[in-house]
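Here are my notes on the model you sent over. Have it open while you read, and go through the points in order.

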Amino acid sequence: MGLREIPVSFEHKCDGCGKVVLRNAPSRPLHWSQLTVGRDAYDFQGADASIKRLLCEECSDTVLAAINASLTKAHVPS
């Protein structure tokens with residue numbers, strides 16, 4: 001009987017563009033981000049309405065730029 005080692009790998013998939021990175025550790029790939037929007041409300045099925053997304057570096061930069069732009073517009077003194 002032979003022995004064959006099958007290494008463990010973890011697949012990380014960007015929730016934005018769908019990019020996939022395989023790693024030998026469960027931690028996020030370098031420069032990737034975990035976007036979390038915590039909400040105190042629940043959705044119509046009774047589940048937590050919080051949002052969690054795993055984003056690659058490019059998608060993370062896009063999302064952060066959009067957040068910063070929208071907050072800057074929203075907080076302009078009148």
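1. Helices (H or I, at least four residues) and strands (E, at least two) are DSSP runs, numbered from the N terminus. This is a predicted model, where local features need pLDDT of at least 70 and side-chain atom pairs count only at pLDDT 80 or more, while totals for chains, interfaces and linings use all residues. Residues are numbered from 1 along each chain as its sequence is written, and side-chain values use heavy atoms, with hydrogens and water left out.

2. Start with the hairpin. Strands E1 (residues 10-13) and E2 (residues 20-23) run antiparallel and are joined by 4 bridges. Glu11 has Leu22 as its bridge partner in E2. There are 6 residues between the strands, and in this hairpin Gly18 takes a positive phi near 90 degrees.

3. His31 is worth a look too: it has a positive phi of about 70 degrees although it is not a glycine. You'll find His31 in the loop between E2 and strand E3 (33-37). His31 is exposed, because its relative accessible area is 51% (buried means under 20% relative accessible area, exposed over 50%, partly exposed in between; 1.4 Å probe, protein chains only).

4. Which residues make up the largest nonpolar core? Cys14, Trp32, Leu54, Leu55, Cys56 and Cys59 do, 6 residues in all. A core here is a set of buried Ala, Val, Leu, Ile, Met, Phe, Trp, Tyr and Cys residues joined through side-chain atoms within 4.5 Å. In soluble globular proteins, nonpolar side chains tend to be buried together.

5. Now take Leu54, found in strand E4 (residues 51-55). Leu54 counts as buried because its relative accessibility is 14%. The C-alpha atoms of Leu54 and Thr72 are separated by 24 Å, with the two residues 18 apart along the chain.

6. Leaving aside neighbours within four places in sequence, Ser60 is in contact with Ser33 and Leu55. Leu55 in turn touches residues including Cys14, Trp32, Ser60 and Val63, again not counting those up to four places away in sequence.

7. Finally, Ile67 lies in helix H1 (residues 57-74) and is partly exposed, with a relative accessible area of 33%.

Note on methods. Contact means heavy atoms within 4.5 Å. Two strands pair if DSSP finds at least two bridges between them.
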